[in-house]
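Biologist: Before we go into detail, could you take me through how the features of a model like this one are read?

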Amino acid sequence: MQGKWSLAAARFLLGLGQPGAWPAAAKAIAEWFPAGQRALAIGIFNAGTSAGSALAPPLVAYLTIAYGWRSAFVVIG
C-alpha cells in the first residue's frame with residue numbers, strides 16, 4: 001500500500017469477499033461432520049469468531065505500540 005486510497009481499496013475488496021465466509025463455513029461443516037456433531041462444530045466456529053473479535057483489538061494495539069503499524073498490519077494480515 002502506498003497511501004490511504006490504496007489501503008481503502010484493499011479494505012473495500014476484503015469487505016466484498018468476507019461475507020461469503022459464513023455460508024461457506026456452514027456448508028463445509030454440513031459436509032464434513034456427521035449430523036450428531038454439526039451443532040458442536042457450528043458452536044465452535046461461532047465461538048472462535050467471537051473470541052477473535054474480542055482478542056484482536058488489544059493485540060493490534062500492542063503490536064502497533066511495540067513494533068509500529070506496519071508490523072501490526074503484516075502480523076494480523
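Biologist: How many helices and strands does the secondary structure of the protein come to?

Modeller: Helices (H or I, at least four residues) and strands (E, at least two) are DSSP runs, numbered from the N terminus. In this protein there are 4 helices and 0 strands, and the pattern along the sequence reads α-α-α-α. The radius of gyration, taken over C-alpha atoms, is compared with a globule rule of 2.2 Å times the number of residues to the power 0.38. Here the radius of gyration is 17 Å, well over the 11 Å that the rule gives for 77 residues, so the protein is more spread out than a compact globule. Along the principal axes, its C-alpha atoms fill a box of roughly 50 × 25 × 15 Å.

Biologist: Where is confidence lowest and where is it highest?

Modeller: This is a predicted model, in which local features need pLDDT of at least 70 and side-chain atom pairs count only at pLDDT 80 or more, while totals for chains, interfaces and linings use all residues. Residues are numbered from 1 along each chain as its sequence is written, and side-chain values use heavy atoms, with hydrogens and water left out. The pLDDT is the predictor's confidence in each residue, from 0 to 100; the protein averages 90, and 100% of the residues score at least 70. Confidence is lowest in helix 4 (residues 69-76), with a mean of 88, and highest in helix 3 (residues 38-67), at 92.

Biologist: At what angle do helix 2 and helix 3 pack?

Modeller: Axes are lines fitted to C-alpha atoms, for helices over the stretch in contact, and angles run from 0 to 180 degrees between N-to-C directions. Angles under 35 degrees count as roughly parallel, over 145 as roughly antiparallel, 65 to 115 as roughly perpendicular and the rest as oblique. Helix 2 (residues 21-32) packs on helix 3 at about 150 degrees, with the axes 9 Å apart, and the two are therefore roughly antiparallel.

Biologist: And at what angle do helix 3 and helix 4 pack?

Modeller: Their angle is about 140 degrees and their axes lie 7 Å apart, which makes helix 3 oblique to helix 4. The contact (heavy atoms within 4.5 Å) includes Leu59 and Tyr67 of helix 3 and Trp69 and Ile76 of helix 4.
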